Amino acid sequence: MRIDVDPSLTDPTSVYRLLTATVVPRPIAWVSTVSADGTDNLAPHSFFTIASVDPPVVQFTSVGRKDSLRNVEETGQFVVNLAPEGLFEQINATATDFPRGTSEFDACGVVREPGLRVKVPRVAASPVALECELHSTVRIGDSTVVFGRVVHLAVDEAYMTDGHPEITLMRPLTRLGKDEWGTLGGIREISRVPYQGQG
């Protein structure tokens, strides 16, 4: 027997819990930004995906008006850093609601490195960093979807195999429901079947 839920008759917190426990696993955009006055910020966002490949555009959603969003609006730049399993505690720590003006890099002991095409620092220990310039934003209810054009990709060669990022080396974290996180589990490979090859 199913439980029926009408979002229009249910409190938003309950809807949030149902959605975030159902739409799983979600990749994490560990977003670094800089405010107009030069203070850097680092925060994980689990509403994240690719929006376009040509041109290359990624998107993340700020639920509410968080510092990441404000900084992107002020400067037009951000970096998406891959969130690897080895940095689990630091990634979680940067989700703390520090007062505006606090650098999560410093507060959480995350080592930074300069961006190449943007004036935003990257996470030095992250296997992959996507440097982005703001493409556009879309406001939906209490959230804002941020679209960023990828102007530079920085990939640590230690995580590459035959010219391709190796998933078993990168070991990206994902978000699940509640306080649950996902680590890299079993991997299955299967080729797509062309239409003419069926039957």
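Visitor: What makes the 7 strands an open sheet, and in which order do they stand?

Guide: In this predicted model, the 7 strands follow the order β3-β2-β6-β9-β10-β5-β4 with antiparallel pairing. β3 and β4 stand at the edges with a single partner strand each, so one side of each has no neighbour in the sheet, and the sheet is therefore open. From one strand to the next, the twist averages 35°.

Visitor: How do you know that β6 and β9 pair?

Guide: Two strands count as paired if at least two bridges are found between them; β6 and β9 are joined by 5 bridges in the antiparallel sense, so the pair meets that definition. Within this part of the sheet, Phe78 has Cys132 in β9 as its bridge partner.

Visitor: Why are β13 and β14 called paired, given 2 bridges?

Guide: The definition asks for at least two bridges, and 2 bridges join β13 (residues 174–175) to β14 in an antiparallel run, so the pairing qualifies. Arg175 stands opposite Trp181 in β14. These strands belong to an open sheet of 3 strands in the order β1-β13-β14, where β1 (26–27) and β14 (181–182) are the edge strands, each pairing on one side only.

Visitor: Which strands does α2 lie across, and at what angle to β2 does α2 run?

Guide: α2 lies across β2 (29–34), β3, β5, β6, β9 and β10, and its direction is at about 50° to that of β2.

Visitor: What makes a residue part of the lining of the largest pocket, and which residues lie nearest its centre?

Guide: A lining residue has an atom within 4 Å of a point of the pocket; the largest pocket is lined by 33 residues, of which Tyr16, Pro44, His45, Lys66 and Ala95 lie nearest its centre. Two or more lining residues come from each of α1 (12–22), β3 (40–45), β5 (56–63) and α2 (67–75), and the pocket holds about 790 Å³ of space. By class, this lining has 12 nonpolar, 10 polar and 11 charged residues.

Visitor: How many residues of each class line the second largest pocket?

Guide: Its lining has 22 nonpolar, 4 polar and no charged residues. Phe48, Ile50, Val58, Leu82 and Leu130, which lie nearest the centre of the second largest pocket, count as nonpolar because Phe, Ile, Val and Leu are in that class. β4 gives the most to this lining, with 5 residues, and the volume of the second largest pocket is about 630 Å³.

Key. Residues numbered from 1 in each chain as written. Predicted model: local features only at pLDDT ≥ 70, side-chain atom pairs only at ≥ 80, totals over all residues. Heavy atoms only, no water. 1 Å grid on protein atoms, 1.4 Å probe; cavity = no way out; pocket = protein on both sides within 12 Å on 5 of 7 lines; lining within 4 Å. Points joined across faces, edges and corners; volume = space filled by probe spheres on them. Helix = DSSP H or I, 4+ residues; strand = E, 2+ residues; numbered from the N terminus. Axes fitted to C-alpha atoms, helices over the stretch in contact; angles between N-to-C directions. Contact = heavy atoms within 4.5 Å.
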